[in-house]
Amino acid sequence: MSVEAAAPADTRPPDRSGPILSVTDLRAHFRTTHFGVNRYVRAVDGISFDVKRGEIYGLAGESSSGKTTLVKTIAGAIKPPLEVVGGTIDFAFLPGYGGLHRAPPTEVARIRWRHLSYIMQGSMNVLNPVRRLRQSFVDFARPHIAGTAKEFETAVIGHLARVRLEPSVLAAYPHELSGGMRQRATIALATICRPDFIIADEPTTALDVVVQKDVLGMIHGIQREIGSSVLFVTHDMGVHAHIADRLGIMYAGRLVEEATTPEIFKNPLHPYTRHLISSLPRIGDDVPRGGLEGAPPSLADPPPGCRFHPRCPLAMEICSRRVPDMIETKPAHRVACFAVNGSTEP
Amino acid sequence: MSAALLEVSHVGKIFTRGGLFSSRRIVAVDDVSFQIDAARPEIFTVIGESGSGKTTLSRMILNIERPTSGALSVDGLDLTTVRTNAGRMAFMHKVQPIFQNPFEAFNPLKQLDRYLFMTRRRFHAEADQATIEVAVDEALRNVGLSLKEVRRRYPHELSGGQLQRVAIARALLSNPKLIVADEPVSMVDASLRMSIVNLFKALRDDLGLSIIYVTHDLATAYYISDRIIIMQKGKVVESGDARAVLNAPQHPYSRQLRAAVLLPGVAAAGGPVSQPANVFREFNASE
C-alpha cells in the first residue's frame, strides 16, 4: 500500500496563503544573576522574519551569533536561564498564542511532530540509545498516524526506502548504524508525519563531505515532495548555496540581511555578508582571501548601535549611536546597515 | 636523502580490539610513505574523511602513537629511539602540534600567558623573566597578537580565532621546524578562519616552517597547500602537487570527494539551487 493512504486525514487549517511562520520582534535573553545583579546575554535581540509555505529558509551565522537560541525559541524549547523577553512567533497551524511556549500543553502535543518536527545536529541525541529504531518510530509517530500497527509498519518501511534505508534497520539500535545512516533515520523520523514545518539545526555538520551531499539531497527531495517548509540552520555557506531558497544572515543576535539565495551570493549588501561570501576559498581560484579584523562581540556586553560597527570597513559616526533597521532596498531584499540602505536621516 | 626534515617510510598502524580469542584487527594506516625536504619548507596536506586514518597518521608523526610497521624519522632522528624524557624534549623542540579545538587545548582555569612562559622556560634555559617575555612577545607578534593583549587573560576571554593564534604562538616558542596541525580551523568562526589559514602561509614564507595540515576541507587545502595526499581507509589513494591533484583528480575516490564539495558559486550563477535526490522519483515511479 502506498504511504499516502497511511497518512491521517488532513486536519490542517484551511488558510493556505500567507506565511507558515511569522516571527515579529523576537527577543530571547539568557539571564544570569551574580551577587544579586542581573546580567542579560542578548542572544536573540529583535528578530523579525517570515517563512513562506513550501520554502527552505536558510539561517546563516557564525558560532555565538544566536542562531541556535533562535531555533530553540521557535521550537518552544525554552528553559531557564533562557527567557523570551518580547515578540511573537506565529505559526499558521497554531494561531492566537504567539508562540509554542505560550500554548497549553494539549495544543503543543497536537502540534508536535504532526505539524512541527526537528532534525537535529547530533542524531545520537535524538534517537534513544537503548531502544531499537522501530520503537523510536512508534514513540514519535504512532500517536499521530491512524490505522493498525501493521499499516503503520508498512508506512514506516515505505518511508525508510525514501532515505535509502533497508527495513532491517528497524531492528537495530542507534549505535549499530553509521553516522550517515543515523542521520538518514532521523530525517525519516522527522518527515514520516508529513509535517508542515521542519526545523533542521546543523543537520549535516557532523558528517563527511560525501555523506553530507547525499543527506542534503534527501532533505531537499523529501521537502519538495511533501511540500513542507524548512528552517535550515548552518554556518556553512556552501551548504546554504545548495539547499536554501531564501537566506537570513545573523550577526551577534540580530538579523542583518535577508534575500533569496542567488541574490545574497550575487549582490550581498551588508559588509558582513560581503565578507562571508568573499572569504570562501574556491578550488581552481588563487585569489588571496582575508579574515576579518577583530572578534565577534560578546552578547553580554554588545557594542552600542550597530553590533558590527567595530569591525566594519564602512563604519560611520551614526553606526555607534543608532541601531539600523531592516529596510527593504529592493523587492525581497532586506538589509540592516546605514551605509547601504540609505536610512541615515533620522 | 640526508636532507629530509620528515621521512615517513612504509608506515602502518594496526589497532587490535577484543580479547585473546576474538580479536579484531583494524588497519588504520596502511603503508604510507612521503618525505618533506628540510631545504624547501612547504605546507603538506593530508585529506580524508573520518575514519581514513589521517589523525592516526598525524599522531604517529607527533610520536604519540607508535607505528606497527615502517619507520618515521624527523631531522635524521628515528622516532623509535625517542624513549627518555630528555629525548622527548629534544624531539618536541623540532615538532609541535596544533589541535582542533582551541577551547579544549587550554586549561580554562589557567591564564594564557603562564602557558607561554612555561613553555619557553621548558625549552630554553632562560631564567630571566624579561628575556622570556621578549621571546613570548615575539612569538605572539608572529601570529598577529601581542603580549599586552594576552597577559592575565583566561581562555574564555578570547575568541576561538584568537585562542587558536595563541596555540600557534605557543607552538612557535620552541622554535620548531615542523608543525602538525590537525583540523586547525574547523572550530574557528567563519569570519576568522581565513586569517588563520593565511597565517600558516606566512609562517611558511617568513619563518621557513613546514606544516602538516590535516583536514577534510578541500577548499582551504587548495588555497594553502603545496603538496597533498588523499587518504581512504588508511591508504594513500592519490598524492602530488595540490593544484594538479585538486584540479584534475584521477582516483575514483578523489573524484567523488571533489564532486561532493559544495561550491558557493552555484547559487551566484543563478542556476538551480540544488538537485533534490533523484531517488525519490525512482522510488515513487516504482510504487
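**Salt bridges, cysteines and the A–B interface**

Glu153(A) and Arg134(A) form a salt bridge, with their closest N and O atoms 3.3 Å apart. The term means a side-chain nitrogen of Lys or Arg within 4 Å of a carboxyl oxygen of Asp or Glu. This is a predicted model, in which local features need pLDDT of at least 70 and side-chain atom pairs count only at pLDDT 80 or more, while totals for chains, interfaces and linings use all residues. Residues are numbered from 1 along each chain as its sequence is written, chains are lettered from A and ligands numbered from 1 in the order in which they are written, and side-chain values use heavy atoms, leaving out hydrogens and water.

**Salt bridges within the chains**

- Over all chains, the rule counts 26 salt bridges.
- Helices (H or I, at least four residues) and strands (E, at least two) are DSSP runs, numbered from the N terminus.
- Glu153(A) is partly exposed at 27% relative accessible area, and Arg134(A) is partly exposed at 34%. Buried means under 20% relative accessible area, exposed over 50%, and partly exposed in between (1.4 Å probe, protein chains only).
- Lys330(A) pairs with Glu263(A) in a salt bridge, the closest N and O atoms being 2.8 Å apart. Lys330(A) is in strand E10 (residues 327-330) of chain A and Glu263(A) in helix H10 (residues 261-266) of chain A, so the bridge ties together parts 67 residues apart in sequence.
- Lys330(A) is partly exposed at 34%. Glu263(A) is buried at 17%.
- In chain B, Arg227(B) forms a salt bridge with Glu42(B), and their closest N and O atoms are 2.7 Å apart. Arg227(B) belongs to strand E9 (residues 227-232) of chain B, while Glu42(B) lies in the loop between strand E2 (24-37) and strand E3 (43-47) of chain B, so the pair joins parts 185 residues apart in sequence.
- Arg227(B) is partly exposed at 25%. Glu42(B) is buried at 3%.
- A network of salt bridges links Glu55(A), Arg246(A), Glu258(A) and Arg334(A).

**Cysteines**

- The structure holds zero disulfides over all chains. A disulfide is a pair of cysteine sulfur atoms within 2.5 Å.
- The sulfur of Cys306(A) is 5.9 Å from the closest cysteine sulfur, that of Cys319(A), which is too far for a bond.
- Cys306(A) is buried at 11% relative accessibility. Cys319(A) is buried at 6%.

**Interface of chain B and chain A**

- The contact takes 44 residues from chain B and 54 residues from chain A. Contact means heavy atoms within 4.5 Å.
- Between them the two chains bury about 4,000 Å², 64% of it on carbon and sulfur atoms. Buried area is the accessible area (1.4 Å probe) that two parts lose on being put together, summed over both.
- Across this interface the rule finds zero salt bridges.
- Three residue pairs are in polar contact across the interface, both residues at pLDDT 80 or more. A polar contact is a pair of N or O atoms within 3.5 Å; within protein, one must be able to donate a hydrogen and the other to accept it, and residues adjacent in sequence count only if both atoms are side-chain atoms.
- H8(B) gives the most to the side of chain B that touches chain A, with seven residues.
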